[in-house]
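Let's take a walk through this one, from the overall fold down to a few individual side chains. Keep the viewer open as you read.

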Amino acid sequence: MKLRNYILFVCFAAVLASCSNEKQAEKHETPEEVALAAYNHLIKDEYEDYVKLVHSGDSITETYRQGLLATVKQFMTRQNDEKKGIKSASVVDEKTVSNDNYALVMLILTYGDSTSEEVAVPVVKVNDVWRLR
């Protein structure tokens with residue numbers, strides 16, 4: 001009887017864990033994926049999700065996280081004021097160096113004023129997951 005109760009408890013705990021509202025950290029297997037995901041979060045005003053993609057973003061102090069969020073919001077406000085916001089991002093090129101643990105992803109950002117700009121996004125591989133540098 002105890003074994004049956006234990007098995008039921010484990011199954012119940014697994015169901016609860018799978019229904020959790022807490023969002024798990026995104027895992028990106030390529031440099032292009034993380035760079036594109038980061039800018040898509042910015043475009044959608046998902047600044048918390050953007051910060052989670054930063055190297056050590058899940059282990060920084062609350063003060064540093066709040067400062068990073070404020071900086072990201074200021075950046076996007078400036079983009080909205082100057083160029084009517086970033087409307088889309090697309091990958092142009094990627095160069096991986098340093099034993100496949102560092103990469104530079106080139107993106108084309110298209111703005112609301114119909115202009116575009118090429119930007120370099122540095123990323124690092126940490127525990128087999130690519131993160132913004």
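## Ground rules

Helices (H or I, at least four residues) and strands (E, at least two) are DSSP runs here, numbered from the N terminus. What you're looking at is a predicted model, so local features need pLDDT of at least 70 and side-chain atom pairs count only at pLDDT 80 or more, while totals for chains, interfaces and linings use all residues. Residues are numbered from 1 along each chain as its sequence is written, and side-chain values use heavy atoms, with hydrogens and water left out.

## The overall layout

The protein chain has four helices and four strands. Read from the N terminus, the order is α-α-α-α-β-β-β-β. Buried residues (under 20% relative accessible area; exposed is over 50% and partly exposed is in between, with a 1.4 Å probe and protein chains only) make up 29% of the 133 residues.

The accessible surface comes to about 9000 Å², and 52% of that belongs to carbon and sulfur atoms; such areas come from the Shrake-Rupley method with a 1.4 Å probe, and for residues only the protein chains shown count as cover. As for contacts (heavy atoms within 4.5 Å), take those with a separation of 6 or more: residues 24 or more positions apart account for 48% of them.

## The nonpolar core

Which residues have the most contacts inside the largest nonpolar core? They are Tyr-39, Tyr-50, Val-121, Val-123 and Leu-132, in a core of 27 residues. A core, in this sense, is a set of buried Ala, Val, Leu, Ile, Met, Phe, Trp, Tyr and Cys residues joined through side-chain atoms within 4.5 Å. Two or more residues come from each of helices H2 (31–43), H3 (47–52) and H4 (62–83), and from each of strands E1 (86–97), E2 (102–111), E3 (116–126) and E4 (129–132). H2 gives the largest share, six residues. In soluble globular proteins, nonpolar side chains tend to be buried together.

Leaving out residues up to four places away in sequence, Leu-132 touches Val-34, Ala-35, Ala-38, Tyr-50, Leu-53, Val-54, His-55, Val-121, Pro-122 and Val-123.

## The E1–E2 hairpin and its neighbours

E1 and E2 run antiparallel and are joined by ten bridges (strands pair if DSSP finds at least two bridges between them). The two form a hairpin with four residues between them, and Ser-98 in the turn has a positive phi of about 50°. Ile-86 stands opposite Tyr-111 in E2. Also in E1 is Ser-88, which counts as partly exposed because its relative accessibility is 34%. Beyond its neighbours up to four places away, Ser-88 touches Ile-43, Ile-108, Leu-109 and Thr-110.

Now for Gln-79, which lies in helix H4. Is Gln-79 buried or exposed? Gln-79 counts as buried, because its relative accessibility is 7%. Its contacts, not counting residues up to four places away in sequence, are Lys-84, Gly-85, Ile-86 and Tyr-111. Tyr-111 also has a charge over its face: Lys-83 is at 4.5 Å from the ring centre. The test here is NZ of Lys or CZ of Arg within 6 Å of the ring centre and within 35 degrees of the ring normal.

## Loops worth a look

His-28 is in the loop between helix H1 (2–18) and H2. At 11% relative accessibility, His-28 counts as buried. Past the residues up to four places away, His-28 touches Glu-33, Val-34, Ala-37, Leu-53, Asp-128, Val-129 and Trp-130.

Asp-128 itself sits in the loop between E3 and E4. Asp-128 is exposed, with a relative accessible area of 64%, and has a positive phi of about 65° although it is not a glycine. Asp-45, in the loop between H2 and H3, also has a positive phi, near 60°. With a relative accessible area of 49%, Asp-45 is partly exposed. For context, most residues other than glycine have a negative phi.
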